Amino acid sequence: MAYNLLKGKRGIIFGALNDQSIAWKTAEKVFEEGGSFVLTNAPIAMRMGEINKLAEKCKAEVIPADATSMEDLENLVSKSTEILGGKLDFILHSIGMSPNVRKGKDYGDLNYDWYLKTLDVSALSFHKVMQVAEKQDAMNEWGSILALSYIAAQRTFPDYSDMAQAKAVLESIARSYGYRFAKNKNVRVNTISQSPTVTTAGSGVGGFDVFLDYADKMSPLGNASGEDCANYIVVMFSDLTRKVTMQNLMHDGGFSSSGITDDLIEQLTK
Ligand SMILES: NC(=O)c1ccc[n+]([C@@H]2O[C@H](COP(=O)([O-])OP(=O)(O)OC[C@H]3O[C@@H](n4cnc5c(N)ncnc54)[C@H](O)[C@@H]3O)[C@@H](O)[C@H]2O)c1
């Protein structure tokens with residue numbers, strides 16, 4: 001059921017790789033709610049052409065951009081405002097990648113060039129996107145900017161490796177840039193800390209299936225799905241959340257506040 005929550009709003013959605021991606025599901029929901037947007041992803045991620053199917057469905061244009069490249073981002077933001085016919089009301093940063101995790105590097109044997117790549121792609125890119133948007137004065141007053149995080153920023157999950165530091169930096173950038181953007185432009189900046197979700201990035205983390213089951217049992221409402229996350233993002237992009245800023249918003253079915261649950265006890269006593 002649609003509520004027209006984003007009628008007339010314009011934005012950019014980063015990170016729709018395939019139909020499992022949180023960004024993909026978000027694009028579908030934003031479109032249903034009346035929003036228009038440009039889709040973007042790293043040029044290499046567009047090889048399979050999947051994103052074009054989403055673009056067609058959502059009547060969106062696609063502009064490739066490596067989110068670590070200032071040049072690509074400048075081009076993306078200026079073309080987007082041109083195509084959409086005005087300034088932006090929302091931006092979704094749904095980007096994460098660790099070469100160390102991908103290549104199975106142990107946390108005690110990390111490759112530091114890759115570590116820097118993890119931080120650049122998964123965290124600094126968020127700062128870059130906002131810096132470009134601010135310099136081009138591309139955001140509308142009361143706009144909303146979101147990035148996706150994970151609770152490994154606060155607690156240790158061994159297989160998450162250097163992505164844990166990337167998420168900690170990402171959340172910190174949301175607070176620092178959130179302050180700045182609020183003061184300058186009444187724009188809000190938040191991160192959503194999402195339950196483990198079956199996607200390409202999620203499944204890259206070791207022992208993911210077992211972990212998904214554990215998280216589900218540790219969450220009184222069960223894991224939040226990609227669709228649930230997309231719904232939450234729509235609300236955060238809408239005018240109903242204008243005074244929420246500089247927050248890391250837990251979207252995890254209660255996982256982060258639970259010590260143990262009956263479901264987990266039952267499983268462990270089997
Ligand atoms: N899946 C989970 O369990 C989970 C849980 C919490 C948070 N998150 C976060 O959600 C976000 C989206 O991930 P997802 O789970 O939908 O997986 P996904 O693999 O579908 O999306 C990750 C995206 O990042 C893009 N990307 C990688 N390098 C890039 C670059 N240099 N420039 C531009 N884009 C680049 C990829 O192409 C891909 O589209 C990530 O920040 C991820 O860490 C995921």
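Asn 186 lies in the loop between H6 and E6, where helices (H or I, at least four residues) and strands (E, at least two) are DSSP runs numbered from the N terminus. The model is a predicted one, in which local features need pLDDT of at least 70 and side-chain atom pairs count only at pLDDT 80 or more, whereas totals for chains, interfaces and linings use all residues. Residues are numbered from 1 along each chain as its sequence is written.

The phi angle of Asn 186 is near 55°, a positive value in a residue other than glycine. With 15 other C-beta atoms within 10 Å, Asn 186 is partly exposed; a residue is termed buried if 20 or more other C-beta atoms, placed from the backbone, lie within 10 Å of its own, exposed if 12 or fewer, and partly exposed in between. A positive phi, near 50°, is found also in Lys 59, again a residue other than glycine. Lys 59 belongs to the loop between helix H2 (50-58) and E3, and is exposed, with 9 other C-beta atoms within 10 Å. Lys 183, which lies in helix H6, is exposed, with 9 other C-beta atoms within 10 Å. In sequence Lys 183 and Glu 32 are 151 residues apart, and in space they are separated by 31 Å, C-alpha to C-alpha.

The strands form an open sheet of seven, in the order E3-E2-E1-E4-E5-E6-E7 and with parallel pairing, two strands being taken to pair if DSSP finds at least two bridges between them. Strand E3 (61-62) and strand E7 (248-251) stand at the edges, each with a single partner strand, so that one side of each is left without a neighbour in the sheet. E3 is joined to strand E2 (residues 36-40) by two bridges, the two strands running parallel, and Leu 39 stands opposite Val 62 in E3. Helix H3 (residues 70-84) packs on the sheet, touching strand E1 (10-14), E2, E3 and strand E4 (88-93), and its direction makes about 150° with that of E2; here residues are in contact if their C-beta atoms, placed from the backbone, lie within 7 Å, and angles run from 0 to 180 degrees between N-to-C directions, with axes being lines fitted to C-alpha atoms, for helices over the stretch in contact.

E2 is mostly covered, five of its five residues being buried. Both of its faces are covered, with Ser 36, Val 38 and Thr 40 buried on one side of E2 and Phe 37 and Leu 39 buried on the other. Five bridges join E2 to E1, and these strands run parallel, with Ile 12 opposite Val 38 in E2. Further along the sheet, E4 and E5 pair in the parallel sense over five bridges, and Leu 92 stands opposite Leu 146 in E5. E5 also pairs in the parallel sense with strand E6 (residues 188-194), over six bridges, and Leu 148 stands opposite Ile 192 in E6. Eight of the 11 residues of E5 are buried, so this strand is largely enclosed by the rest of the structure.

Among the helices, two packed partners are described by the angle between their axes and the distance between the axes. Helix H5 (residues 112-135) and helix H6 (residues 163-185) pack at an angle of about 10°, with their axes 8 Å apart. That angle makes H5 roughly parallel to H6, since angles under 35 degrees count as roughly parallel, over 145 as roughly antiparallel, 65 to 115 as roughly perpendicular and the rest as oblique. The residues of this contact divide into 11 nonpolar, five polar and one charged; Ala, Val, Leu, Ile, Met, Phe, Trp, Tyr, Cys and Pro count as nonpolar, Asp, Glu, Lys and Arg as charged, and the others, Gly among them, as polar. The H5 side includes Leu 119, Phe 126 and Met 130, and the H6 side includes Val 169, Ile 173 and Phe 181.

The ligand is surrounded by 27 residues, of which the closest are Ser 21, Ala 45, Gly 96, Ala 201 and Gly 202, a residue being near a molecule if its C-beta atom, placed from the backbone, lies within 6 Å of it. Two or more residues of this shell come from each of helix H1 (22-32), strand E5 (139-149) and helix H7 (200-203), and H7 gives the most, with three residues. The shell divides into 14 nonpolar, 12 polar and one charged residue. H1 itself is mostly covered, with eight of its 11 residues buried, including Trp 24, Lys 25 and Val 30. Just after H1, Gly 34 takes a positive phi of about 95°.

Conventions
Two residues are in contact if their C-beta atoms, placed from the backbone, lie within 7 Å.
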